[in-house]
Amino acid sequence: MHDILPLFLEDPMTSLASQAKALGIPETDIQRICMETDCRLRLVFPAETRQLELIRRLARNTTEKTPGLDSDAAYDIALALDEACTNVISHAYGTHDPSALIEAEIRISSKDVTIILTDHGVHGHSFHPDKLPPPDIKALYTNPKPGGLGFHLIKKIMDELSYEKGPDNANRLTMKRYLSRSG
């Protein structure tokens with residue numbers, strides 16, 4: 001299954017490039033056409049840590065093909081998605097529930113990459129990202145312990161974050177990374 005997903009994702013772009021080349025359109029023009037094409041990928045997967053590597057690979061493979069985004073940025077975005085999914089699995093759902101699902105929607109435009117992560121974990125209703133204290137790096141340095149930095153890492157990687165509780169009891173984290181960052 002891992003080998004099928006990238007091929008599926010590449011088909012529209014490969015087809016476009018192939019047809020454009022057959023028409024004699026220069027490569028630079030083909031790349032511009034691709035930049036103006038938005039991409040939307042929606043994934044629904046079990047809320048289990050064993051799914052994280054697949055999700056991370058898919059996010060990286062998808063975003064690193066985005067014109068204007070280098071492979072380091074694609075890696076960072078995949079890491080942010082991994083951290084957000086880990087938080088959902090660990091905190092929103094709490095205990096293992098084989099029916100628990102996470103939905104990840106990845107939107108790529110000519111300006112940004114947006115990831116909308118949706119879950120229905122009841123513990124996520126009490127999450128208030130604005131009330132999270134800043135990490136105490138000094139305390140972690142002297143007394144290292146796992147966890148507690150994931151959301152702060154996401155904030156460093158992504159340019160915009162918003163969190164909402166939807167009317168359907170869903171928790172939605174929207175993360176946006178601009179292709180062109182100022183500063």
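# Close-up views of helix α4 and its surroundings

**View 1. The start of helix α4.** At this end of the helix, the backbone nitrogen of Asp72 has a side-chain oxygen of Asp70 within 3.2 Å, a pair that meets the definition of a polar contact (N or O atoms within 3.5 Å, one able to donate a hydrogen and the other to accept it, with residues adjacent in sequence counted only if both atoms are side-chain atoms). This is a predicted model, in which local features need pLDDT of at least 70 and side-chain atom pairs count only at pLDDT 80 or more, while totals for chains, interfaces and linings use all residues. Residues are numbered from 1 along each chain as its sequence is written, and side-chain values use heavy atoms, with hydrogens and water left out.

**View 2. Helix α4 along its length.** Helices here are DSSP runs of H or I with at least four residues, and strands are runs of E with at least two, numbered from the N terminus. Helix α4 covers residues 71-92 and spans 30 Å from its first C-alpha to its last, close to the 32 Å expected at 1.5 Å a residue, where the expected span is 1.5 Å times one less than the number of residues. After α4 comes Gly94, with a positive phi near 70 degrees.

**View 3. The buried residues of α4.** Among the residues of α4 that are buried are Ala73, Ile77, Leu81, Cys85 and Val88, where buried means under 20% relative accessible area, exposed over 50% and partly exposed in between, with a 1.4 Å probe and protein chains only. The buried residues of this helix pack against several elements, including β1 (39-46), α3 (52-63) and β5 (171-178).

**View 4. The largest nonpolar core.** This core, a set of buried Ala, Val, Leu, Ile, Met, Phe, Trp, Tyr and Cys residues joined through side-chain atoms within 4.5 Å, has 35 residues, and those with the most contacts inside it are Leu81, Ile102, Val113, Leu117 and Met175. Helix α4 gives the most to the core, with 10 residues. Leaving aside residues up to four places away in sequence, Ile102 touches Cys85, Val88 and Ile89, among others, a contact being heavy atoms within 4.5 Å.

View 5. Leu153 lies in helix α6 and counts as partly exposed because its relative accessibility is 31%. Not counting residues up to four places away in sequence, Leu153 touches Leu79 and Glu83. Leu153 and Asp76 are 77 residues apart in sequence, yet 9.6 Å apart in space, C-alpha to C-alpha.
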